[in-house]
Amino acid sequence: MASKMGIGFKLLAAAALVAGASQLLSACSETEPAEMEMAVAEAALPPADEAPAEPMFTPASLDDGAALEDAEPGFRITSPLTVDGDMAFGEYAWNDEGVPDGELRIIVDLEAERLYAYRGGYEIGRAVILYGHDDTPTPTGSFTITEKNRDHISNIYFVPMPFMMRLTNDGIAIHGSLVEEGYASRGCVGIPDDFAELLFNEAEIGTRVLITRGSPIVDGNRVVGI
């Protein structure tokens, strides 16, 4: 009797081992694919220290000589005006005699305190300017004349702005002004009234204007950015 019980116990133990082995094989067959998929997914992701870098952009600036080189082609100055001596506040020069027809382009250099008018590359006008002070600075950049009004009154400051040539929707314009040393505008480009009339008659809606802080001339006679 004891012998039969011993044999039965051994058979039960063997059956238990077989069942345990079957469960272990089943568990391995269920988990291995998931582990393999995770390993593949992890391999597809770039390592943290090799993540793609953010693109670097360097905005062009009209105060940057290198940026000016890469700016719009612009135009070449064919013939500058001849002006004797330094111009004082309130002075201007204008001479379009013999100058052929061509596109008018206007350059305003805040650093030099000058406005230059070119027709087809020939300089026909130059004037000393007023511009905005620190609280209301004159913006730099490329603009076009969007409106002309010979007898404009400012709807912000309620003062005359004769021969107004609008550049922005928020009130920046070129216009006639009393140009005296020690004065400043509220962002507009002020020029002597007589010069403003000459420029007003020459300019058209769409005339391009470049306002810089420093000369936009490169290669001796090429104006860029306009």
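Me: Which residue in β10 stands opposite I174?
Reply: I174 stands opposite V189 in β10. This is a predicted model, in which local features need pLDDT of at least 70 and side-chain atom pairs count only at pLDDT 80 or more, while totals for chains, interfaces and linings use all residues. Residues are numbered from 1 along each chain as its sequence is written, and side-chain values use heavy atoms, with hydrogens and water left out.

Me: What makes strand β9 and β10 a pair?
Reply: Strands are DSSP runs of E with at least two residues, numbered from the N terminus. Two of them pair if DSSP finds at least two bridges between them.

Me: Why are β7 and β10 said to stand at the edges?
Reply: The open sheet has four strands in the order β7-β8-β9-β10, with mixed pairing. β7 and β10 (189–191) each have a single partner strand, so one side of each is left without a neighbour in the sheet. The twist averages 25° from one strand to the next.

Me: How do you know that strand β3 and strand β4 pair?
Reply: Strand β3 (residues 104–109) and strand β4 (residues 114–119) share six bridges, in the antiparallel sense, and the requirement is at least two, so they count as a pair. R105 stands opposite Y118 in β4. Helix α3 (residues 193–202) packs on the sheet, touching β2, β3, β4 and β5 (122–128); touching, or contact, means heavy atoms within 4.5 Å.

Me: Why is V159 called partly exposed?
Reply: Buried means under 20% relative accessible area and exposed over 50%, with partly exposed in between (1.4 Å probe, protein chains only). V159 has a relative accessible area of 38%, so it is partly exposed. V159 is found in the loop between β7 (147–153) and β8. Not counting residues up to four places away in sequence, V159 touches H152, I153 and S154.

Me: What counts as a pocket?
Reply: On a 1 Å grid over the protein atoms alone, a pocket is an open set of points where a 1.4 Å probe fits, with protein on both sides within 12 Å along at least five of seven lines; lining residues have an atom within 4 Å of a point. The largest pocket has a volume of about 540 Å³, the volume being the space filled by probe spheres set on the points. Of the 26 residues that line the largest pocket, the closest to its centre are Y157, M161, H175, R186 and C188. Strand β8 (residues 160–166) gives the largest share of this lining, four residues.

Notes. Axes are lines fitted to C-alpha atoms, for helices over the stretch in contact, and angles run from 0 to 180 degrees between N-to-C directions.
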